[in-house]
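Colleague: I have a chain to look over before our meeting. Can you take my questions one by one?

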Amino acid sequence: HSLSAQVSYYSNLIQKNPEWEYAGVYSDGGISGTSTDARTEFQRLIKDAEDGKVDIILTKSISRFARNTVYLLETVRKLKAIDVEVRFEKEKINSLSGDGELMLSILASFAQEESRSISNNIKWSIQKRFKQGKHNGRFHIYGYRWEGQDLVVEPQEAEMVKLMYANYMNGLSAEHTANQLTKMGVMAMKGGPFKATSVRQILANITYTGNLLLQKEYTADPITGKSRLNKGELPQYFVENHHEAIIPMDEWQAVQDERQRRRKLGAHANKAINTSCFTSKIKCGNCGISFRRSGKKQPKGKPTY
C-alpha cells in the first residue's frame, strides 16, 4: 500500500478507538530502516515516548520499524523500560508480552537478511550496468553539467580545472591553488570557497580526461551503509571517450606521477610547511607515517617543552 494509504489507515484506526487518544503519525517516507540516523520522524517518536506523550506505538510490520536487529531490540527494550508498548500488526507481536522479545529477535533477523538480499540484488543490477559501460545515476562533478544523458563541459569551471593542473605541474601546492581561487572569488560546486582537499580530488579524478572509471567505491555492508574505496575487492570498469575531455590523458598522467613523487618526499614537497633537517627522518613502523615535533604545554608557571 502507498504511504498515504497507511497514514490514513492508522489515523482512522486510532481515532475510532474510544480508549485511545490520537498522538499523531510519525512517518519517514522512503528512508531505509537499516539505520536511525536519517530518520528524523523515528527519532521524534522515541523522544515523545520518553517525554510521556506516547504510550502505545502501532506499526505495520517489523521491517517498517527497523531492519537492523540490534537497533530494533535496543529501541524496543528502551521503550519497554518506560512501559511504552509497540504493536507489530503484520506479525501480531506485542513488545510487552512474555514471548514478545524472542519473536522479535527471530523475525527481525529475517527482516535484516531481507534488506541484505535486496541490497545484493541492487548491486548485481548496478554491476550489469557497469559492464555495459553505463554509469549509475547522474553524479555531480565540477567542470561539467548533465544535459539529458550527456556530460557537457561548463566552460568557466573548465578553465579553473586547467588552472589547478597547470599550478600543480608548476610546483604549487593544492593549498596555494585553493587560496588563489578564493582570492579570485571562485566558488566550489556547492557554493563555498575551495578547500585544498577539493583541489586534490579534482587532480586525481580521471573523469577530466573524457573517460569514466566505474565502481571506484562500493558499499561493504548494507546494514551500516558505509562506502569504501575499491582497492581491488571488486572489478572496476573503464569507459573510454565517454564525454569531452578538459585535461589530456598525458597531462593527467603527469600530474599523477608528480603526486606520487611528492607523496614519497612527504613534508619536503610542500614549500608552505616549515621543515628542518629532522623532518620525515623517523617513520612509524606500523603505518609508515612520519613522526612530527609537537610542543606540549604544561600547567601555568611551567615551561613548554
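Colleague: How many helices and strands does the chain have?
Modeller: This is a predicted model. The chain has 305 residues, and buried residues make up 33% of them. Its secondary structure comes to nine helices and nine strands.

Colleague: What share of the contacts with a separation of 6 or more comes from residues 24 or more positions apart?
Modeller: The count takes contacts in the chain with a separation of 6 or more. Residues 24 or more positions apart account for 55%.

Colleague: Which element gives the largest share of the largest nonpolar core?
Modeller: That core has 28 residues, and Tyr-142, Tyr-165, Phe-194 and Tyr-208 touch the most other members. Elements giving two or more residues to this core include strand 4 (144–147), strand 5 (150–153), helix 7 (174–183) and helix 9 (249–265). The largest share is six residues, and it comes from helix 6.

Colleague: Which residues does Phe-194 touch, not counting residues up to four places away in sequence?
Modeller: Phe-194 is one of the core residues that touch the most other members. Its contacts include Met-164, Ala-178, Leu-181 and Thr-182. Also among them are Val-186, Met-187, Ala-188, Val-199, Ile-202 and Tyr-142.

Colleague: How do helix 6 and helix 9 cross, roughly parallel or oblique?
Modeller: Their axes come within 10 Å and cross at roughly 45°. That angle makes helix 6 oblique to helix 9.

Colleague: Which residues of helix 6 meet helix 9?
Modeller: Helix 6 passes helix 9 in a left-handed crossing. On the helix 9 side, the residues met include Trp-252, Val-255, Glu-258 and Arg-262. On the helix 6 side they are Tyr-165, Tyr-168 and Met-169.

Colleague: How are helix 6 and helix 8 set, roughly parallel or roughly perpendicular?
Modeller: Val-161, Met-164, Tyr-165 and Tyr-168 in helix 6 meet Val-199, Ile-202, Leu-203 and Ala-204 in helix 8. The two axes come within 10 Å and cross at roughly 90°. The helices are therefore roughly perpendicular.

Colleague: Is Asn-211 buried or exposed?
Modeller: Asn-211 sits in the loop between helix 8 and strand 6 (212–214). Its relative accessibility is 6%. The cut-off for burial is under 20%, so Asn-211 counts as buried.

Colleague: Which backbone nitrogen lies 2.8 Å from a polar atom of the Asn-211 side chain?
Modeller: The Asn-211 side chain also makes a polar contact with the side chain of Thr-209, at 3.0 Å. Not counting residues up to four places away in sequence, Asn-211 touches residues including Ile-206, Phe-238, His-243 and Met-249. The nitrogen at 2.8 Å belongs to Asn-241.

Colleague: Is Lys-231 buried or exposed?
Modeller: Lys-231 is in the loop between strand 8 (227–229) and strand 9 (237–239). Its C-alpha atom is separated by 8.6 Å from that of Glu-217, 14 residues apart along the chain. Relative accessibility is 71% and the cut-off is over 50%, so Lys-231 counts as exposed.

Colleague: Which residues does Thr-75 touch, not counting residues up to four places away in sequence?
Modeller: Thr-75 lies in helix 4 (residues 69–81). Thr-75 is buried, with a relative accessible area of 11%. The residues touched are Phe-42, Ile-46 and Phe-65.

Technical notes:
Residues are numbered from 1 along each chain as its sequence is written. This is a predicted model: local features need pLDDT of at least 70, side-chain atom pairs count only at pLDDT 80 or more; totals for chains, interfaces and linings use all residues. Side-chain values use heavy atoms; hydrogens and water are left out. A nonpolar core is a set of buried Ala, Val, Leu, Ile, Met, Phe, Trp, Tyr and Cys residues joined through side-chain atoms within 4.5 Å. Buried means under 20% relative accessible area, exposed over 50%, partly exposed in between (1.4 Å probe, protein chains only). Helices (H or I, at least four residues) and strands (E, at least two) are DSSP runs, numbered from the N terminus. Contact means heavy atoms within 4.5 Å. A polar contact is a pair of N or O atoms within 3.5 Å; within protein, one must be able to donate a hydrogen and the other to accept it, and residues adjacent in sequence count only if both atoms are side-chain atoms. Axes are lines fitted to C-alpha atoms, for helices over the stretch in contact, and angles run from 0 to 180 degrees between N-to-C directions. Angles under 35 degrees count as roughly parallel, over 145 as roughly antiparallel, 65 to 115 as roughly perpendicular and the rest as oblique. A crossing is left-handed if the near helix is turned anticlockwise from the far one by less than a right angle, and right-handed if clockwise.
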